[in-house]
Amino acid sequence: MIPPPGVSLQGYSYLLAILERDNKRWLRMAREELEKSGTPTDAEVKAHSMTIREAERQKPVALVVGASRGIGRQIAIDLAREGYAVVVAAKSTSDASALSPFPPDPNSPASTISTVEREIHEAGGTATALPVDTRNPSSVNELVASTALLYGRIDVLVYNSGAIWWSSVQKTPFKRFQLMQQVNVEGLYATIQAVLPQFEKQEWKARVIVVSPPIYSRFFRGKTAYAMGKVGMSVLTKGLAMDWEREGKKQMAITSVWPAAAIQSAATRNVDDLKDLRKPTIFSDAILEMLRSEPAEVNGALELDEDFLRTKGYTDEDFEKYNLVPGAKPRRIMPKILPDLRVAEQEDEGKRVDSTQLRAAKL
């Protein structure tokens, strides 16, 4: 058995097992549907299962990296509800079929890519759980290759993986700093590098959503090591958007999004007052609105979930449904006005320098 390019032998065996499982799932779905109006033959069940499979394969494909719990889980579930085929990617896996009660606490270690995949299937959606270690570029490359092999395309990439350590520079050991850079900015860069060739095959028509903050100085306070990686992710959003503008890729957009108020997740389990928390659905709703927007409107934008939804017509009344405690008014943790990063000489680049061309000239 020779695996396709970019996929390991072990990974290929895993993909074949997924396909075998999905074939059984399509047959079961087909039989259940046909039995509502009679007793189908095996041939009729098989033919209808093929129809179901083709319908699933026609869906737009979203790859959500960091989707095992919390905000990432909610993004994956809501994208599937919106009609996407979702690849649920993260490190943690489990035997979801044996878990009881189900579903697990979405912010606990019991929530894995396997349980999120099962949640989506049980809700009638399309999903595939693929493990990835974003610290390892080879693992990231294999994730993208496997997604393309299974679905043939990637229409949306959401990068939600993140490592957190909030403390002063003196109290942040180098190994902790290094881990955050590997998972946050390096993991994002590796994922972008891996997916760009697939976007090129699709004639540069896709969207990228990055979970990273606006850039302003208060964000650095008390968590400098964390901020270095997270702000670096936002710089990538800005810079890649400029690349695509330069290159005339008008159907591409990369957008960063961050919570305006704290959201219930594993990262906020120590919040004392639940009245200050919102449900993660506000975040996934903001992402869905971004994906519905024209690329030029959101390309290179560093958005806050609430503020972006307000530009789409959401009012104070609409935000009530996102409050974890009904009737509460969660404290806004982000500034109301953010700095404009553009300068008067924004379009004046002077003489462009491309290191790839300089190196080629030397060779």
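This report describes a strand sheet and a helix pair in a predicted model.

## The sheet

Seven strands form an open sheet in the order β3-β2-β1-β4-β5-β6-β7, and their pairing is parallel. From one strand to the next, the twist averages 20°.

The edges are taken by β3 (126-131) and β7 (302-304). Each of these two has a single partner strand, so one side of each is left without a neighbour in the sheet.

## Strands β1 and β2

Strand β1 (residues 61-65) runs parallel to strand β2 (residues 85-90), and five bridges join the two. Within this pairing, V61 stands opposite A85 in β2.

## Helix α4 on the sheet

Helix α4 covers residues 113-122 and packs on the sheet. The strands touched by α4 are β2 and β3. The direction of α4 makes about 175° with that of β3, the edge strand spanning 126-131.

## Helices α1 and α5

Two packed helices are described by the angle between their axes and the distance between the axes. For helix α1 (residues 9-34) and helix α5 (residues 137-151), the axes come within 11 Å and cross at roughly 35°. The crossing of α1 and α5 is right-handed.

On the α1 side, the contact is made by G11, Y12, L15 and L19. On the α5 side, E142, S146, L149 and L150 take part. By residue class, the contact of α1 with α5 divides into five nonpolar, two polar and one charged.

Methods:
Residues numbered from 1 in each chain as written. Predicted model: local features only at pLDDT ≥ 70, side-chain atom pairs only at ≥ 80, totals over all residues. Heavy atoms only, no water. Axes fitted to C-alpha atoms, helices over the stretch in contact; angles between N-to-C directions. Helix = DSSP H or I, 4+ residues; strand = E, 2+ residues; numbered from the N terminus. Left-handed = near helix turned anticlockwise from the far one by under 90°. Contact = heavy atoms within 4.5 Å. Nonpolar A, V, L, I, M, F, W, Y, C, P; charged D, E, K, R; others polar. Pairing = 2+ DSSP bridges.
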